[in-house]
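Hi everyone, thanks for coming. Have a look at it first.

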Amino acid sequence: MTYSLLIADRSYSSWSLRGWLTFAAFGIPVDVVNTRLYQPGFAEDLKSFHPARTVPAVRLPEGAVLTDSLAIAEEMATRHPEAGLWPEAATARAIARSLVSEMHSGFMALREACPMNLRTSYNGVPISDAVRADLDRIETLWAYAREHAGDGPWLLGKYSLADVFYAPVAMRIAGYGLSVGPEACMYVNHHLREPNFLKWRALGLEDEPQATYKRSYIHVDWPNAI
Ligand SMILES: N[C@@H](CCC(=O)N[C@@H](CS)C(=O)NCC(=O)O)C(=O)O
């Protein structure tokens, strides 16, 4: 018996991406169960992960179900200390936790205005003051993390849960062509090239698109690196 992870549409479900990266990026074996958002089967699929009402959800080998990405991340970090989900150094770990929590509970304007869509990207997207403020805050947090990063290109040096939680944020910046400074741009580029992310995106392209996520902005090629 191993972990069982319920995810939805790889192209659109940013929380599913976080849930999946929590396993894939750290080599933790997991059985993945796919469902589709906004489809009649969604509620039925959730029933087998009771009491989950959103994705991702994880069933532990012993049967308990985790219903939230942050709980999944913390539980996997506790169960697999050798896998390095959190940075090893105490200060880096504390900062990673802080960044993850702020992501999990915030950036509503960005999330609402620019839902993750890994099938397409846009040019000339107008952004509100609230979205700009979210982007500024994200850049501040990324820069602060990088001050404590040590070696490695990720937020706290080595790839950690902080990067898992900001991967979909990076994809919003890339996909909607949102302007950020050179350091943030470089960080977005690392995500665009990250092998687990590339695998996730390719699998998502095999799904039927969902019309809900379409926007009428100018379409441009997906940025393999911006
Ligand atoms: N706080 C939750 C959020 C999960 C979430 O909102 N998932 C979305 C998909 S990205 C969902 O399942 N939406 C379906 C719904 O709200 O009915 C987490 O961190 O896991």
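This is a predicted model: local features need pLDDT of at least 70, side-chain atom pairs count only at pLDDT 80 or more; totals for chains, interfaces and linings use all residues.

Ser-69 brings a polar side-chain atom to 2.5 Å from an oxygen atom of the ligand. With Val-55 the backbone does the work: one of its polar backbone atoms is 2.8 Å from a nitrogen atom of the ligand.

If you'd like to select the whole shell in your viewer, pick Ser-13, Ser-14, Trp-15, Leu-37, Phe-42, Thr-54, Val-55, Pro-56, Asp-68, Ser-69 and His-104. Sorted by class, that shell holds five nonpolar residues, five polar ones and one charged one. And for those of you who think in pockets, the ligand takes up the space of the largest pocket.

**Backbone details**

Now, something to check before you set up any calculation of your own. In general, most residues other than glycine have a negative phi, and most peptide bonds are trans. Which peptide bonds are cis here? One joins Val-55 to Pro-56, with omega near 5 degrees. Another cis bond links His-50 and Pro-51, where omega is about 10 degrees.

Where are the two prolines? Pro-51 belongs to the loop between helix H2, residues 41-47, and strand E3. Pro-56 is also in the loop between H2 and E3.

Then there is Tyr-38, which is not a glycine but has a positive phi of about 60 degrees. You'll find Tyr-38 in the loop between E2 and H2.

**The sheet**

Last stop: the strands. Four of them form an open sheet with mixed pairing, in the order E2-E1-E3-E4. Its edge strands, each pairing on one side only, are E2, residues 30-34, and E4, residues 65-66.

How do E3 and E4 run relative to each other, parallel or antiparallel? They are antiparallel, and two bridges join E4 to E3, which spans residues 57-59. Across from Arg-59 you'll see Val-65 of E4.

That's my tour, and I'm happy to take questions.

Technical notes: Residues are numbered from 1 along each chain as its sequence is written. Side-chain values use heavy atoms; hydrogens and water are left out. A residue is near a molecule or strand if one of its heavy atoms lies within 4 Å of it. A polar contact is a pair of N or O atoms within 3.5 Å; within protein, one must be able to donate a hydrogen and the other to accept it, and residues adjacent in sequence count only if both atoms are side-chain atoms. On a 1 Å grid over the protein atoms alone, a cavity is a set of points where a 1.4 Å probe fits but cannot get out, and a pocket is an open set with protein on both sides within 12 Å along at least five of seven lines; lining residues have an atom within 4 Å of a point. A molecule sits in a cavity or pocket if more than half of its atoms lie within 2 Å of its grid points. Ala, Val, Leu, Ile, Met, Phe, Trp, Tyr, Cys and Pro count as nonpolar, Asp, Glu, Lys and Arg as charged, and the others, Gly among them, as polar. Two strands pair if DSSP finds at least two bridges between them. Helices (H or I, at least four residues) and strands (E, at least two) are DSSP runs, numbered from the N terminus.
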